[in-house]
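Here is a short briefing on one protein chain. Look through the sequence and the structure before reading on.

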Amino acid sequence: MGRDTTTTPSLSMENRKGEVAWSEEEESLEEEEEKEDSAQVAPAALQDKHSSSSSSSFSSSAGGQAGRIPPQVEAVVVVEESWLLSPETKPMEDRDWRNQTDVMEFILLGFGDLPELKILLFLMFLVIYIATVTGNILIIALVVADQHLHTPMYFFLGNLSCLETFYTSAILPQMLANLLTADKTMSASGCLVQMYFFGSLVCTECYLLAAMSYDRYLAICKPLHYSTLMNTRFCLQLAAGSWLNGCLASTIFVSFLSQLTFCGPNEIDHFYCDVIPFMELSCSDTHWFVLFHFILSCVFTLPPFLLTLTSYVCIIASILSIPSSAGRQKAFSTCSSHLIVVTIYYGTLMIVYVLPNHNTLSLLNKVLSLFYTVMTPLVNPLIYSLRNREVKEALRKAVSKYVAFTKMG
């Protein structure tokens, strides 16, 4: 019994010590787990604490300082307000947008405000237009109908008459409408279309006149080789090359012009949509457009003019060697009239489009433009065709056939 009383307390003491050690070990494990969890939650809690503390400090400072904003926040607000009120971000109502809208139509000033001369100018240009179109269409009909006129010279003359019929019709009808009515506006697309046809026909005529002068040079200076050199294939190549070059150059340039934007004045100081006044109204950068236009003007005026001038100089030199004074005088009169008309045509074109555009010349450009838009298409049928004996004979036959046909009817 005594033995039992001594062993039981010792066992109970050992059990208590084991339980205490086990509980301490569990507590240490729980503390480690809590530390790991707190380590993971600490950044988020710290961030929340920081944001809550900053917001509380901001609210407390705002409440304590009667709504005053800290300097850092005030600077940000000022920058944002200045950005909102800048000219680039102002509302459309607060800005003058009239100069930033695209111009959709242009006003052709024409010959100025001359009410007392409008009727007179209208009648004069109407008669010129009717005479020009009638004369050129008559030449086309005679060249096509009469077999005797199926030669290289009249083939080129028929092309020239066809060209100048369209050429005149691209300018004069619009000018007549502006003279007759008070509405002088023309749409932007209408201006581009007019510039395309005008530019392509002018460029074509420049090289077609050079081809005609070369044909006359071969006929007068090299008569024995004329039929061999100026054959049908070569005639077609010269005419087709003139038309294709003119249309291609005008297509490229007008396609570039269509990319321009217009946001300012829309008054063109001319009686048609000319290229130079048109580009001056653009608010885009036209530096390369002006340079390209200058290069095209030089290419389509200087080489054909020099070729035409050289051909007529050789023709005149050959004419002076003719022994007969009557024949020499007649040939010289014909060639000199051709040379005068060609020089006026090329000369006025080069003055308007090749020389620098100064304010002093801009006043003359409108007058000089009348030479190659109105005068040259009017006199070319008279100078080149209606004075020729073959054309007069073909016209007489056509009139006699028409009279006989009407009598039969």
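The points below cover a pocket, a helix and some aromatic rings. The model is predicted.

**The largest pocket**
- The largest pocket has a volume of about 680 Å³.
- Its lining is made up of 27 residues. M153, R216, T334, H338 and N388 lie nearest the centre of the pocket.
- Several helices supply at least two lining residues each. They are helix 4 (152-169), helix 6 (188-221), helix 10 (287-320), helix 11 (325-353), helix 12 (359-386) and helix 13 (389-408).
- By type, the lining holds 14 nonpolar, 7 polar and 6 charged residues.

**Helix 3**
- Helix 3 covers residues 118-145, which is 28 residues.
- From first C-alpha to last, helix 3 reaches 40 Å. That is close to the 40 Å expected at 1.5 Å a residue.
- Helix 3 has a set of buried residues, including L121, F125, I128, Y129, V133, G135 and I139.

**Aromatic rings**
- The whole structure contains 19 aromatic pairs.
- In the pair F262 and F278, the ring centres are 4.7 Å apart and the planes meet at 55°, so the pair counts as tilted.
- This pair links distant parts of the chain, 16 residues apart. F262 sits in the loop between helix 8 (232-257) and strand 3 (267-268), while F278 belongs to helix 9 (residues 275-280).
- F262 and F278 are both buried.
- One aromatic cluster is formed by F111, F125, Y167, F198, F271, Y272, Y353 and Y372. F125 is also among the buried residues of helix 3.

Technical notes: Residues numbered from 1 in each chain as written. Predicted model: local features only at pLDDT ≥ 70, side-chain atom pairs only at ≥ 80, totals over all residues. Heavy atoms only, no water. Phe/Tyr/Trp six-rings, centres within 6.5 Å; stacked < 30°, edge-to-face > 60°. Helix = DSSP H or I, 4+ residues; strand = E, 2+ residues; numbered from the N terminus. Buried < 20%, exposed > 50% of the residue type's maximum accessible area, 1.4 Å probe, protein only. Expected span 1.5 Å × (residues − 1). 1 Å grid on protein atoms, 1.4 Å probe; cavity = no way out; pocket = protein on both sides within 12 Å on 5 of 7 lines; lining within 4 Å. Points joined across faces, edges and corners; volume = space filled by probe spheres on them. Nonpolar A, V, L, I, M, F, W, Y, C, P; charged D, E, K, R; others polar.
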